[in-house]
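Work through the exercises below with the coordinates open. Each task is followed by a stepwise solution.

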Amino acid sequence: MDEWGSASSPPWPVAIEGGEGDTALAKSRVLTREEVLRRRLRRTRQLGRCYRAHYWALMEEMRSKYRDYCWSYGKSPFKEDHNDNSDNNNHQNGVVSGGGDDIVQCRYNGCKTKAMALTNYCHTHILGDSKQKLYRGCKAVAKNLPTGPSFCNKPILRSMVPPACPSHFQFGERCLARALRRAGLGTAIATTRKPNVKLRVITFEFVCQIQNKRKLALKKTAPKVETE
């Protein structure tokens, strides 16, 4: 992997394999179909090896950076002595000195965990940061209150589809499995938790659930007719 260079360093110039033959054929006006296919196949294979080498170099660099990130911004609670007045002042401001580096404490009231990188909040309370754009709350309904539904609102990545935390995502999978068993397709669910059913069956089940929810909503909003 040294010939391709590391992931962060500038790449070394790569010599094209079979360049001598390409130089000999460079002055040719016409190439046969076999010569063109052989040249394209050779270059495609070399490009694939280059991409694979660069990919694994990036993976090794990511593992190293992830290890450093977990070491610096882990979820371990703060354990500092508060005998010194200066330490108390720094702790009240949300900064704790440890090992020569200033560790930022989560600004959420009562939270004593470390804040994530480039923010003043931990992962549990990251939604309190109005400037962040990476996380959003879980949209699964946790409770049905008289005032309206109460959402889970646990922080999840915005790119997650469906927008649910791991616990509610697994709960949705269990509900789907029960619905398939009620439809007589219980044997279609493998032990690997990957349902081996057709898309039209799942779509039909979801459409039925949506229609039932709409019917219940219409019944609640429909005016009641009073009879004398």
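**Exercise 1: the pocket lining**

The largest share of the lining of the largest pocket, 13 residues, comes from α4. The model is a predicted one: local features need pLDDT of at least 70 and side-chain atom pairs pLDDT 80 or more, while totals for chains, interfaces and linings use all residues. Residues are numbered from 1 along each chain as its sequence is written, and side-chain values use heavy atoms, with hydrogens and water left out.

Task: describe the volume and the lining of the largest pocket.

Step 1. The pocket holds about 1200 Å³ of space. A pocket is an open set of points on a 1 Å grid over the protein atoms alone, where a 1.4 Å probe fits, with protein on both sides within 12 Å along at least five of seven lines; lining residues have an atom within 4 Å of a point.

Step 2. The lining numbers 32 residues, and Gly 172, Cys 175, Phe 206, Gln 209 and Lys 213 lie nearest the centre. Two or more residues each come from β4 (141-145), α4 (166-182) and α5 (199-221). Helices (H or I, at least four residues) and strands (E, at least two) are DSSP runs numbered from the N terminus.

Step 3. By class, the lining has 18 nonpolar, 4 polar and 10 charged residues.

**Exercise 2: salt bridges**

Task: find the salt bridges of the whole structure and place their residues.

Step 1. Apply the criterion: a side-chain nitrogen of Lys or Arg within 4 Å of a carboxyl oxygen of Asp or Glu. The search finds 3.

Step 2. Glu 34 pairs with Arg 38, with closest N and O atoms 3.0 Å apart. Both residues lie in α2 (residues 33-72), 4 residues apart, about one turn of the helix. Glu 34 is partly exposed at 49% relative accessible area, and Arg 38 is exposed at 56% (buried is under 20%, exposed over 50%, partly exposed in between; 1.4 Å probe, protein chains only).

Step 3. Arg 63 and Glu 60 meet at 3.0 Å, N to O. They are 3 residues apart in α2. Arg 63 is partly exposed at 41%, as is Glu 60 at 47%.

Step 4. Lys 65 bridges to Glu 61 at 3.3 Å between the closest N and O atoms, and these two residues of α2 are 4 apart. Lys 65 is exposed at 53%, whereas Glu 61 is partly exposed at 22%.

Terms used. Grid points are joined across faces, edges and corners, and a volume is the space filled by probe spheres set on the points. Ala, Val, Leu, Ile, Met, Phe, Trp, Tyr, Cys and Pro count as nonpolar, Asp, Glu, Lys and Arg as charged, and the others, Gly among them, as polar.
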